[in-house]
Structures are given as structure tokens and as C-alpha cells.
There are 2 protein chains.
Amino acid sequence: MAAVAAATRWRLLLVLSAAGLRVTGAPQPPNILLLLMDDMGWGDLGVYGEPSRETPNLDRMAVEGMLFPNFYTANPLCSPSYTPQEIVGGIPDSELLLPELLKEAGYTSKIVGKWHLGHRPQFHPLKHGFDEWFGSPNCHFGPYDNKARPNIPVYRDREMVGRFYEEFPINLKTGEANLTQIYLQEALDFIKRQQAAHRPFFLYWAIDATHAPVYASRPFLGTSQRGRYGDAVREIDDSVGRILHLLRDLSIAENTFVFFTSDNGAALISAPRQGGSNGPFLCGKQTTFEGGMREPAIAWWPGHIPAGQVSHQLGNIMDLFTTSLSLAGLAPPRDRAIDGLDLLPTVLQGRLTDRPIFYYRGNTLMAVTLGQYKAHLWTWTNSWEEFRQGVDFCPGQNVSGVTTHSQEERTKLPLVFHLGRDPGERYPLSIASTEYLDALRWITPVVRQHQEALVPGQPQLNVCNRAVMNWAPPGCEKLGKCLTPPESVPEKCSWPH
Amino acid sequence: MAAVAAATRWRLLLVLSAAGLRVTGAPQPPNILLLLMDDMGWGDLGVYGEPSRETPNLDRMAVEGMLFPNFYTANPLCSPSYTPQEIVGGIPDSELLLPELLKEAGYTSKIVGKWHLGHRPQFHPLKHGFDEWFGSPNCHFGPYDNKARPNIPVYRDREMVGRFYEEFPINLKTGEANLTQIYLQEALDFIKRQQAAHRPFFLYWAIDATHAPVYASRPFLGTSQRGRYGDAVREIDDSVGRILHLLRDLSIAENTFVFFTSDNGAALISAPRQGGSNGPFLCGKQTTFEGGMREPAIAWWPGHIPAGQVSHQLGNIMDLFTTSLSLAGLAPPRDRAIDGLDLLPTVLQGRLTDRPIFYYRGNTLMAVTLGQYKAHLWTWTNSWEEFRQGVDFCPGQNVSGVTTHSQEERTKLPLVFHLGRDPGERYPLSIASTEYLDALRWITPVVRQHQEALVPGQPQLNVCNRAVMNWAPPGCEKLGKCLTPPESVPEKCSWPH
């Protein structure tokens, strides 16, 4: 893949070289706050039709800002390759991330929550432009025995301050964990400090309460009509409300661009107790149907984004890179193509730009949307073998010839859906229809152009070694929590999609 | 069935005897405006998550009033029995309808749109309490040849003023018809006249543009992202906006209670071009899954209903009868049980009342919801025979053991769903769980009580005769449009559900 398409391989990612930057005149550019949810689905917010309507703060955020019903992630998984602890690789130094670029405009940057771009020291966020970190390098799976596998560490900046299920407990039985409250406090403290210092900030708030095992703190447990998953959503909704409230209290709301979205569709394999809702869309996480990649998305910037807007711009999470640079008065580097669109003309003036959305699974371009038409070049949910063992990415849904259990190539005769009439991808257009032919005539050259421009990227996650797991993260000695790694045995590994 | 349950057998229905009425003191009771859609689904409104978000007026109505995410119809069909022209029967005189009762409080009543409670003269709305009628006695199916079968007449009050596909054209090819505009004008004129006369009014606006064959007038054709069905929805949304605007213009908004809902779920057999969306819910029209019976519902009464409310009250369309009487200061009759709840405490003070929702198909009690739990006593979509011929009430959806194609009795061991965690009815509770047992312990006595209180009603629609079709409706002679009926041959007929 090309460096640009490789960007689809990283989490939130914003990965670029420093060439060609330019600082424009604005004396104090706006703060940037990206709220990235984990496995939250399009249908999980009241404003997107969740019947229990338990997200009053996010719904209000939408009413005060701009709602995107057609916003997509770049990959239907948390991390485009699932990255367990034994993976040796991570984000290469040759990639330049958004916080690195934003430094040129004077920003201080913090990540709160899950990093997931490599857990070994050279990959840590503070080596890649962030000034502060509170959170974890991997998912909050566990508990582990600290023998075959260590528990995931939690970092403050360069050093670990404890581990999940130890200093940072998660009660799998009751679902109780205080983590969202801790992440909230980290966000509020950071915002207050930057405001006091009159420094523009970039805060990447990548919390994971809605990723199985889902959790909530005690005041929220049992409060949702939707069970434990809903408790987690309610706590997040409350937290977002508190963050926006603080921005108003500090009188910096009009100087802070806030964007809320999620990393992929709801994990229906964990539903209903540990997974969310993709509303009317087909399937969920891990698939390239709409349920896997269409995301909740809200832009909020009082005084700049007119209230109560809905934009049908086809948006992509990669746009947040370009848009953030634009907010900071920086131009994107010119030495490579950039997939991300600058959404400022969309959010400020309501401009609509024709652009394709590409749906990847691993290196395979599975589908493309242009305008209202989505063409599937491949269909696949998961293997018959997995499916027969009860792994179902599309529970209760079965569209003949669409939700296939073998990888069906359709590049010669794509399956085409009209997403306006048929957002649930249930009625493929007849291949004999004029509409089908017109849609393909429009989409085919766009696919060809994309594929011709593409240069394969370097896989970073295909060497594993149990010796590199989180045995002895920096700072472990202060806590007396260093574990002894096993013998180093590098081996090839693969993470099929 | 008991007389009360028989109410579930009529369209909008409001069917009662006059005993025990009481007029309370209010000098001018509020106007009552019921907007009843035809085959519109829960998921068709932006405020319920329709991704194209093309209903700004209805969404605003919700923001200014109270939204019900848990509101149900009494039957998953337009008319609990489909009533083609050869049906001899209709609404009996022994039933007393809402407009008859409202007369006691000085209301003038009009029906605009589809009646569907019998097309022979003795059943007409003006024989049952309405003062005015503009609309049709049957669905706008056609065109017919006026030989084997006459086209459906359109009435103004007691006389027909033309027929569909003749004086009231519907272009099946383009989808163009001016009917919604005519129905809108009828509503606006009626409201203006009543306001000028200082008379309280009851307007029942039962339009049918979203029932296949769907239609819209020229300015709306091709304007929706959702195709022709969406065009119809947009025209309806615009019309509702105009009606509410007129109420404000005339300064009677604060004295007019408006309720918007639909008669059953979206007709997925007609989707996607001629049918709507049931959002995240299972199946559609004709079934007793949530997609068949959960409806969009908005209450609006500026100055009385606080703005921006969402109520999780389990509501039923039969409540509109009781609530309307309450608004008029009338008490429901005491000589029979009344299923409908007075929703005024809900809309005015936010009160929540525990009550069951019963899901019927024909005479069969298929399912019951109480609180968050829904118990299916029977499951059935349609017969294997129909299904194999391509008739599918649950396209793209298939929940094993739930969307069955034979009538599966579950009364001994009901299938139970938690609708909060699982609004899509995909994950039946384990019958070994405590939760299942607790839910059944709660629901079982409610079902028993309901069934014990039930006295079967008299079927009204099981005699057919082609001689009674709309050959020569009153007024046909003025138009020179009287057709000669065939020989009278009464025969038994049945309308399986």
C-alpha cells in the first residue's frame, strides 16, 4: 500500500512526514479535542435512534453542532491488525503523527486511553509527538496470570503506574471499574492546565469502556435500560457532558473544536450484554458492511459551527488529520498524497464534496461508496468454520449472497446497493438495470485510479515474540512490578482479517 | 373478544357505547388533531434515526413536544382485517366512535383520508359521528376496469366526487399524485373554518401516501435520497409542518393537542422502493415482532406539554381514545372495560404507568410486553408456501426459532426478550435463567387476567358479495358515474392473518 493508504492501517493515526509544512497567521489556533470511542456503534446514540435514548449530552452536542449520518472509519477493527502483546512491531519512526505536526503551531498534546500502535518503549506516544499520556498500550483484556502472560500496564507519561486488574481493577463479574472516571479526570485536568497556561492543546481521548469486557463505575452500574453495555454508554455520555461543560465554564468553548466518533462498528459478537447497536445497518465490527464501518460522528465548535446542522458529506476518520492541520493553520505535507479531506468548509459553510469511501479488510479493498452507491468487490463475513463454532458477525441477519461465509470475489460484477433507499444493504440492484450500469460506470474508474496509485506498505505486525510482552515496562522497578520475560524466540505470526 | 378487545379490530377505532358520559366545566376544550400515517415505520423519521434525515418538521415537532419510542399500534395491518370492496360488513351502529362522544363537548369532527371501516352507505363516517369527510372508504389500489371491479370512490361528505385513477389520478409509473396536497388543503380549510367559528374541533387526518403504491406530488418527486417512498415522506413532513404553522399563525397552537403516529410497521414486502423502515426492529407489517407494531409517535401541545421530552411510557393507539375524551373533559363510559390509558398525566407531568401491550394477529394473542420484557406466546411470519413464492415479511432478517414460517405455539414456554438490551429481538433469554423465570412470573398472571376477561366479538367481515362493491356510491348520478352492479351473490369469505 501507498503511505497514504497505509494510514488506514493505524489507529486514528494521522501519520505523515514533516515535509512542506507552513504556519499561517492565526495568533492562537483553536484547541482540538478528539473523542474516539471503542466499538461503539452508529445506533448507540439517542440522536441516531437508539430506542432507550440515554445519551442526552451527546444528543445535545449534536443539536449544538453538526451531525454526520454518513461518517466512516478506515478499518472495521480497533487496530487494523489486532495487536496482542507478543507483537514485536509498532508505529515506525518514519511516520509522523498529528501531535508531532501540531507542535509547529505551538500545541501541547495529550493522549488519554488506548494507544494500540505498539507497546514497546520505542513506539510509545511520547516518542511520537504526544507530551503526555495516561492510558494503556493494549486492550483491557485479562486478568492474566503474570506468568504465561502479563497484565496490561497503565502508563502515566513514560512510566507505568500499575496494571489492569491490579492497581486498576476491573470486576468482570459486576462490570465495575473506575477507569472512565479516571480518564475523565485526566481530560479535565489537562484542559484546565492548558487553559491556565494559555497554550493551544490537542487532546486525543481514546477511552474503551464500550469494548468488551464493558465496564462502568458504581454510580452508573444498573442505571441503563440497556444493561451493562448501556451503563458504559451512559457514563461516557455523562463524561462528554462534563468535558463540554468545562470548556464553557472556562470560556474556551468557542476556541475548541470537538469531534466525537468511534473506531469501528458495534461488536455484535459481544451483543447484547457486551456489545452495542448498529441501528438499521447490516452486520458489525470486523465486516465491511455498513454496520462495520459507519460511525456516530458529531462536530462541535460553538460560535463557528452553526447549531442544529446535519451534513450528508461522506466523511472519513482520516479527515480528522487534515482538518486538524487546517484548524492549526498548517498545510499538509506535499511529498505524498493525502486521503483525508479538510472538513472545515463542510462544518463551517455546509459544503459537500464528492469523494469515495474505501472499505478495507487487511489489504483487500472489499467495497467502495460513491454518492449513494456502494459497490462490493468482495463479500465475506467470516469462515464457515468460525460460523459453525458460533462466531457470528451478523446475528439475526442473513442477506442471501451478501453475508457470505466464503470470500466471494465480485470484482467483475460487483454487488451494488443504493444506500439511500436501502441503508441496510438488503436489496442489490439488478445487474440488468440502467441504474446498475450507471453506478458502475461512475465507480469503476475511481476504483481503478485508487488501485493504480496504491503502493503496498510495509507490514509492521507480522513478527511475534513472547519475550517482548509487557513484562517489565519502564517504571516497573519503582512499583516492584517487574516480571521476568521468557527466552526470546522471534517467530512469524499473522493476524487474518 | 370483549367489546374492548374488539376495539383492537377497528381502525383508529374509538368504539364505545355512550353510557356514563360526563361533561366537566372547561369552557372551550382543546382541539384534537390526530395525524395517522399509513404503513409508515418507526425508523422513517430523522428523530428515530433514519440516516437521510429528511423529516425536519416532524423532528422539530418532537423537539417542541414529547417523543414516544415505545408506542404501539393495536394490530399489524391497516385494517385488522384487510377490507376489499366485496366485504358486506363494516362498523356496527352499536359501536360508538370518538367523534360521536366528542359531540357532547361541542366538537365538530372531520375525517380526511382513508376510512376503512366499511364502504357501504350505512357505515360511512357521517353515520358515525363525523360532520365532514374528504377521502376514500378503501385503499387506493387500482386502477380497475370498472367492469369486474370499480375504482375506489373519493367522497366529500355524503357523496362521491370522483374516483381514484379518474378524477383523482395516481400515475403508477412516475408515482405522481396530488392527493397529499388535497388532503393538506382539506385540513387547513377545516382548521381555519373552525377557528373562525370558535368551535372546538376533532380532525382525524388519515392520509395514505406511504401505503403502496406510494405517491407524491410533482414538487416532491425525486427530491428524496430515499427514492419514491422518501418523496412521499418528505411531502407528508412538509404538510405536517404547514399544519402546525397554521395553528401557530391562528394563535390556537396552545389550544390544540396534536398527535402523530402510524397504523402499523413499514411494509417490508414493498421495500425498498415502496416501503419504509422499521429502524433496528425485527420484521414489519403483518407480524407481531417490534417492526410490525412499534410506531413513531409524537405528542405536541405548546404551553402544555414541556418541550424536548422523551417518554418511555408503553403507549398504545387505543390510548388516543381515552386521552381525547379526557382532553374534552369527558369520562369514558362505565358499562364496559376500556383498554386505553389516559396519557394526559404522561404528557403533562411525565408520569409512567405499568401496563401491558398485547400483540394480536386476528384473534390470536401472539405476544405480550410488560416493562422491558416481551413474551412471544406464538411465533409466525408467514407460511412456507407464501415465503417460497417470495413473500417475505422479514427481508434480510432471520432469527432462528423466532421468525418461523409455521405457527409455533410457545404458550407453555414463551420466548422472552429484553427489549432494552435487545430491541431487535435477536437473543431470547435462556429458559434456565433466573431472569427468564422472573419475567414469566410477572407476565403470566397478566396474560391470564386478560384472556379471562375477554369475550369474543362478532366478526363483521366474513361475508362477501361482489354486488356491494363501489359500483354506484351516493352522488354517482350527478357525475354520470354510476356503474351497474352484478347479480347479488353473498358468500362466506375469510381473511387469514
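Are Lys114(B) and Asp38(B) buried or exposed? Here are some friendly notes on the charged pairs.

1. This is a predicted model, in which local features need pLDDT of at least 70 and side-chain atom pairs count only at pLDDT 80 or more, while totals for chains, interfaces and linings use all residues. Residues are numbered from 1 along each chain as its sequence is written, chains are lettered from A and ligands numbered from 1 in the order in which they are written, and side-chain values use heavy atoms, with hydrogens and water left out.

2. To the opening question: both Lys114(B) and Asp38(B) are buried (under 20% relative accessible area; exposed is over 50% and partly exposed in between, with a 1.4 Å probe and protein chains only). They form a salt bridge with closest N and O atoms 2.7 Å apart (a side-chain nitrogen of Lys or Arg within 4 Å of a carboxyl oxygen of Asp or Glu).

3. Over all chains, the salt bridges number 48. One of them joins Arg273(A) to Glu435(B), at 2.9 Å between the closest N and O atoms. Arg273(A) is partly exposed at 45% relative accessibility, whereas Glu435(B) is buried at 18%.

4. In chain B, Glu132(B) and Arg193(B) also pair up, their closest N and O atoms being 2.8 Å apart. Glu132(B) counts as buried, with 13% relative accessibility; Arg193(B) is partly exposed, at 38%.

5. Chain A has a salt-bridge network to look at as well: Lys110(A), Glu132(A), Arg156(A), Glu186(A) and Arg193(A) are linked in it.
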